[in-house]
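This briefing is meant for a reader who is meeting the structure for the first time. Please keep the sequence and the model in view while reading.

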Amino acid sequence: MSGRKGSPEAENSPHRAGGRRATGRRTGQGNDRRPDITDGTDGTDISDGRSTARARKKPKRSTKEKVLWATAGCTALAVLGGAGLYYRLNSNINTFDGDALSKDRPEAAAPDAQGRTPVNVLLIGSDSRGNGNSDLGGGGDGGARSDTAILLHVYADHKHAVGISIPRDSLVTLPPCKLPNGRWTKEQTNAMFNSAFSVGDSEQGNPACTQNAVEKLTNLRVDHTIVVDFNGFASMTKAVGGVEVCLPNDIHEGDLNPNLGHKGKLLFPKGKQKVEGQAALDYVRVRHGIGDGSDIGRTKRQQAFMSSLIKEVKSRGMDPTTLLPLADAATRSLTVDPGLGSAAKLLSFAMELKDVDLHDIKFLTVPWRYEGPRVALVHPDVDQLWAALKADRTIDGQDASAPAEAGSGTAPSAAPVAAAAAPAPTPTPAPDTKAAEIKATEVKVSVLNSTGETGLGGRAAETVKGAGYTVTGVGNAVGKPRSTTVVEYGTGERTAAEAVAKLFPGATVQPGGRGVSVVLGHDFAAANPAGPAASAPAGAATAPAPLPTSVSGAARSADDDPCANLSYG
């Protein structure tokens, strides 16, 4: 049969893959796959001659053309590579459930006169055994914990920022939080702050619950939350080539792990050094063998580390070339709120910080004191801190929302804090000569309004000033409204506080914070109703009381010496 395999006809058929044409191709040069070219009469292959002629006629590309083609090729590869990196970053990022955020949240900050808006970002360090973290020293049990929380406030001018560390053992009120099964917990009082992240006992932790707790504590709207686990942290430090740190003394294995039972080998020598990966993680986790061995001391070293990390990134240039590798390292172990759930949004936020000078990036720990084995927050200092951030004032009292002075690139210093200009009620007479002497020479009083009633603080301040005291500031108290007025005092100031309390019938006196502070309750509001004569002028605003220098003076700038202020005790 014609075309049958093995027959002569099949072997010589031009349609048979192994016929004459295939034979002709095989007798060509090497593995040349060019089409057969014949003279059209006897089938003689003359392809070699014609191809050689074509090769001689082919024009050579100029050097300029070669450069253009090479540039185009590199550009195409860069675009494809960039797109691939963005895709990888987006696929790396995990977001938490936005429906788990509280339904009763503080209002978002309003734009200033120039349309600029401050931003609050909650940074959480996660300690969990998931995602390979156990190899880096992650938690020994199931679930996730958080020993690090920093509330970063980026001011409206985007030229100042402050990070507030909240100690893990701080006693706070936890609002209702959503569990993995969809149910909500009940409010808890006097709970440890870091327990919020463990609500639900999941490997991913509960960042929404921690955000709810911070908003409850500060009365500030948290715009974004970022959770970084051990893996992400270690990768970030490698991506920037290491971070410069400092130790006040030698650190050994036994300091990192007290259960070791012996000193162990040297991990960190005293002084400056660069760390990355596991070593960087060990540095920010160590708490024993330095200072008083407390979490507060560890917090100070974490602030020093963050300062050095920011310094390292800014020294390389705050641009995509620097930020993309850093983001690639971080996003492998990153969980964010839905509003930051893309590479573009993360990079956009990072770029907002490029104009912040290192000296204008501050870190401090929320005002605190020990309460047994736990940490209590100090009032009214902590209230003044949150009020300052809400008013977008820097910790040294500047109004970051104020327009720059003509011919100046910086915002003007804040005007002296004063009470709202309102007609003063009839001042209460001084209780006695001794009290009058105290008023005139020693007592400085801040007035905090816990009721939310506009102008009440100004009216109380006029009462205080009319009795001869110096009013250092008027602001809003943070926390639940009080039913009765309280006068708080610091060490050695009880007598002065008792004298001030006599200006507010029914007020109680109790220790707390520094100086003398009047925290107004609803009893004062009821006794001093607002009226045409008592109302503050339209548009008048009360500035928050200035922070005590003991708080503002303890802040670290990102450009500080890495060996300074490293521990408590």
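Leaving out neighbours within four places in sequence, Ser-170 is in contact (heavy atoms within 4.5 Å) with Ala-191, Met-192, Phe-193, Val-375 and Leu-377. The model is a predicted one, in which local features need pLDDT of at least 70 and side-chain atom pairs count only at pLDDT 80 or more, whereas totals for chains, interfaces and linings use all residues. Residues are numbered from 1 along each chain as its sequence is written, and side-chain values use heavy atoms, with hydrogens and water left out.

**The chain overall**

- The chain holds 17 helices and 21 strands, where helices (H or I, at least four residues) and strands (E, at least two) are DSSP runs numbered from the N terminus.
- Of the 569 residues in the chain, 45% are buried; buried means under 20% relative accessible area, exposed means over 50%, and partly exposed lies in between, with a 1.4 Å probe and protein chains only.
- Among contacts between residues at least 6 apart in sequence, 69% join residues at least 24 apart.

**Around Ser-170**

- Ser-170 is found in the loop between β4 (161–165) and β5 (171–174), and with a relative accessible area of 0% this residue is buried.
- Although Ser-170 and Val-366 are 196 residues apart in sequence, their C-alpha atoms are 9.7 Å apart in space.

- Not counting residues up to four places away in sequence, Val-313 touches Val-240, Met-318, Thr-322, Leu-323 and Leu-326.

**Charged side chains**

- The structure holds 17 salt bridges, each being a side-chain nitrogen of Lys or Arg within 4 Å of a carboxyl oxygen of Asp or Glu.
- Arg-316 and Glu-312 meet through their side chains in a salt bridge of 3.4 Å, N to O, and, being 4 residues apart in helix α9, they are separated by about one helical turn.
- Within that pair, Arg-316 counts as partly exposed at 42% relative accessibility, whereas Glu-312 counts as buried at 16%.
- Another salt bridge joins the side chains of Arg-494 and Glu-498 (2.9 Å, N to O); these residues are 4 apart in helix α15 (residues 494–501), so about one helical turn separates them.
- Arg-494 counts as partly exposed at 43% relative accessibility, and Glu-498 counts as partly exposed at 34%.
- Salt bridges that share partners join Asp-147, Arg-168, Asp-169, Asp-295 and Arg-298 into one network.
- Asp-355 and Lys-354 also meet in a salt bridge between their side chains (3.6 Å, N to O), and Lys-354 is partly exposed, with a relative accessible area of 37%.
- Arg-301, which lies in helix α9 (residues 295–316), is buried yet has no salt bridge, and the nearest side chain of opposite charge, Asp-292, is 7.2 Å away; for charge, Lys and Arg count as positive and Asp and Glu as negative, while His and the chain ends are not counted.
- Leaving aside residues up to four places away in sequence, Arg-301 touches Tyr-283, Val-286, Arg-287, Ile-290, Leu-566 and Ser-567.

**Helix α14**

- Helix α14 (residues 456–466) is mostly covered, as 9 of its 11 residues are buried, including Leu-456, Arg-459, Glu-462 and Val-464.
- The buried residues of α14 pack against β16 (444–449), β17 (470–476), β20 (516–520) and α16 (522–527).
- Gly-468, whose phi is positive, near 100°, follows α14.

**Strands β18 and β19**

- Strand β18 (residues 486–489) and strand β19 (residues 508–511) run parallel and are joined by 4 bridges, where two strands pair if DSSP finds at least two bridges between them.
- The bridge partner of Val-487 in β19 is Val-509.
- The chain crosses from β18 through α15 to β19 in a right-handed β-α-β crossover, a term that applies if, with the strands pointing away from the viewer, the path from the first strand over the helix to the second runs clockwise.
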